[in-house]
There are 2 protein chains.
Amino acid sequence: MALVVQKFGGTSVGSIDRIRNVARRCLAAQREGNDVVVIVSAMSGETNRLLGLAHQVSEVPDAREMDAIAATGEQICAALTAMAIQTEGGKARSLLGHQVRILTDGAFTKARIKTIDGSKIFDTLKKGEIAVVAGFQGVDEHGNITTLGRGGSDTSAVAIAAAIGASACEIFTDVDGVYTTDPNVCPSAKKIARISFEEMLELASLGAKVLQIRSVEIAMKYGVPIHVRTSFSDAPGTWVTGEDKTLEEVVVAGVAYDKNEARVHIVAVDDKPGVVAQLFSAIADKNLSVDMIIQNVTRGDEARTDVTFTVSKTDLQRLKSFIEETAKGLGAREVRYDEDIVKISIVGLGMRSHAGVAAKMFRLLADEQINIQAISTSEIKISCLVAAKYTELAVRALHDGFGLGDRPPVVA
Amino acid sequence: MALVVQKFGGTSVGSIDRIRNVARRCLAAQREGNDVVVIVSAMSGETNRLLGLAHQVSEVPDAREMDAIAATGEQICAALTAMAIQTEGGKARSLLGHQVRILTDGAFTKARIKTIDGSKIFDTLKKGEIAVVAGFQGVDEHGNITTLGRGGSDTSAVAIAAAIGASACEIFTDVDGVYTTDPNVCPSAKKIARISFEEMLELASLGAKVLQIRSVEIAMKYGVPIHVRTSFSDAPGTWVTGEDKTLEEVVVAGVAYDKNEARVHIVAVDDKPGVVAQLFSAIADKNLSVDMIIQNVTRGDEARTDVTFTVSKTDLQRLKSFIEETAKGLGAREVRYDEDIVKISIVGLGMRSHAGVAAKMFRLLADEQINIQAISTSEIKISCLVAAKYTELAVRALHDGFGLGDRPPVVA
């Protein structure tokens, strides 16, 4: 008898009929001999409705009160799901964050889980009941209701699976798995049957559409296999697991793109020790995250250096409010911005042992006359910044160039 | 500096604008130097919406899950109210049943409060914050969310007021107080400035429209004065308090009517010891409540007796399912039902010391040619059962006959 965790997202519980489907699926898993723990999100649209209510009262709603409101979406859905299981003849009970005791820090609206007490869940399972846990929510040490941020139900599910030692965490969603790249951009994209935690993390920009990245970090830390699959059929999805040495490693597992970054180019700062540190300390002090960083000698002035970096587009306005003054203080000539860019990445564990992957990536882009503006690499990922207009072209060139797609059928 | 509890019902918090009004009223009370504890119901319509959702899933929803759903209505409203107070420049924090620790028994959907821990509320007040407590909800000893039944927020408010030693509990609602009778039936009905707990309890059928009867029982037990008033103006409402010996007692405080009873007439049961006990034991075994009971010798058969009693109309169907068999077993000739009746009551502490009140009541009804079908009395109440068609006539005759109304203005 296995212990399985099944998580259903907002669209999977988006109507009473869909909640009934979820109930039947959970009961099927129980009938197969499993102990079943279900984690549910709020019904789709509900969280936005609740946030809308709060924003009618206050432009900047108090975070603690916001969480007390937002958590009701999952509370209602968990109770409805438990009822639906009962209506189908099963036994179930809903458990809220404070009832399980999913203890978090006190960072309202973006709390992080500290510990989970599995005893209430085990008590429920021992009675032959399905435990339906409200996702997205926890409780801090003072008993305040907290929430884990958007998509936090994935995090709830994986953390609970880890805490109770579940054999796997199934994440049911409205897509049928993780793809080698975005199928909307590249028609030859294929569903990935199996991918490592590390690759999944690097594929964040693809993965975020189906799986909250924080949940993958927890799964990796505790070795919980995740199965991302659709709730609308029985088709298997994508397994996200630890590295499996017996499998031949693919060189490139997927191609991702991210249009949410903006490029900032600081021209000709003093090339002295500590200057770049001062620059990024100033940015960090404002709680802004920087992604890629490139430093180059300034053209025609060897005593000076150009610094280019990328920040999230949503942070650009806040950055602009102080960066020019900071840059001037460091002797910079000017600051330029470019929002018309995209970051294209290839990800794969096999890169570690295969030389020439980067060279091949650059050549595939060059073959399409795509100019690379910046490059950054990690052990299993290579990212290139290019003009946004090349997004689809670059994704397709890399995807098919690295052999990720099936060859298109030849029409006679 | 006084400690006041203010409770706002569903219509008083029925929109964002009204919640803002509530916030301003609470802040005004705080500025007057009071520590303020606010209890809120769900926004009007919300509880029915939530029950509707549950009933879509199950015709007979599980009571525990029902409570987890229903409690969200007050949870959201409490948080929105706290936010609204903050938006108006004040300090506030919402507290849920499990956060205050309003400990109840485990009778889901109709739980009764066992204890209330005031410490969380006092902690909040000490910080200069207004404590906004979600009404209607509690938590049982296992941490399950419970609700107190329809109108339970009144009960929450009075119980909290008692637990923290508040000087008064103000119940803000959509009517401006308790009236001597239903103004829709009797145009000369007057708002009562002050009424005793005992009278308020007996006036249940009037009072239930403005005040949950259980809350009056708690208020009486702990001596918490209640002020029932409208949230739409600053007009004083009705004070419900302990008996005040210094005030001259009015003989009759109000006239109530109740159309929700049905009369059951069991003809000619054996007139032997224990027979009537058997009859009402059988009814009690089915959890049905009986109100008035009258026993008379059967006309023309002195060895037999007729038993007449009233039950709530909603219970009549369940009663019919077994009462005829029970009655036959006791030798009864037949069972008759009459739903076309009304119970008219006069209530007043002064009755205790004034003789002839009952006689006057019967005469006033007789003067209108109204036949009395049954009578029951308590120390401070006299009830008569009459045909339903006489409702308005009987109420007006008693109301004005006992001098409760102003005389209608004489038009020259």
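Of the 412 residues of chain A, 48% count as buried, a residue being buried if 20 or more other C-beta atoms, placed from the backbone, lie within 10 Å of its own. The model is predicted: local features need pLDDT of at least 70, side-chain atom pairs count only at pLDDT 80 or more, and totals for chains, interfaces and linings use all residues. Residues are numbered from 1 along each chain as its sequence is written, while chains are lettered from A in the order in which they are written.

Chain A contains 13 helices and 20 strands; helices (H or I, at least four residues) and strands (E, at least two) are DSSP runs numbered from the N terminus. The radius of gyration of chain A, 24 Å, is close to the 22 Å that the globule rule gives for 412 residues, so chain A is as compact as a globular protein of that length. Here the radius is taken over C-alpha atoms, and the rule is 2.2 Å times the number of residues to the power 0.38. The C-alpha trace of chain A spans about 75 × 65 × 35 Å along its principal axes. Of the contacts in chain A with a separation of 6 or more, 75% are between residues 24 or more positions apart; two residues are in contact if their C-beta atoms, placed from the backbone, lie within 7 Å.

At the interface, 27 residues of chain B are in contact with 27 residues of chain A. The elements of chain B that give two or more residues to this side are tabulated below.

| Element of chain B | Residue range |
|---|---|
| α1(B) | residues 16–31 |
| α2(B) | residues 46–57 |
| α3(B) | residues 63–87 |
| α4(B) | residues 97–100 |

The largest share, 14 residues, comes from α3(B).

In chain B, four strands form an open antiparallel sheet in the order β13-β18-β20-β19, strands being paired if DSSP finds at least two bridges between them. β13 and β19 (374–378) of chain B stand at the edges with a single partner strand each, so one side of each is left without a neighbour in the sheet. Five bridges join β13(B) to β18(B), and B:A256 has B:S345 in β18(B) as its bridge partner.

Helix α13 (residues 391–401) of chain B has the buried residues B:A394, B:V395, B:A397, B:L398 and B:H399. Their cover includes β13 (254–258), β18 (341–347), α12 (357–367) and β20 (381–387) of chain B. After α13(B) comes B:G403, whose phi is positive, near 70 degrees.

Technical notes
Buried ≥ 20, exposed ≤ 12 C-beta atoms within 10 Å, placed from the backbone.
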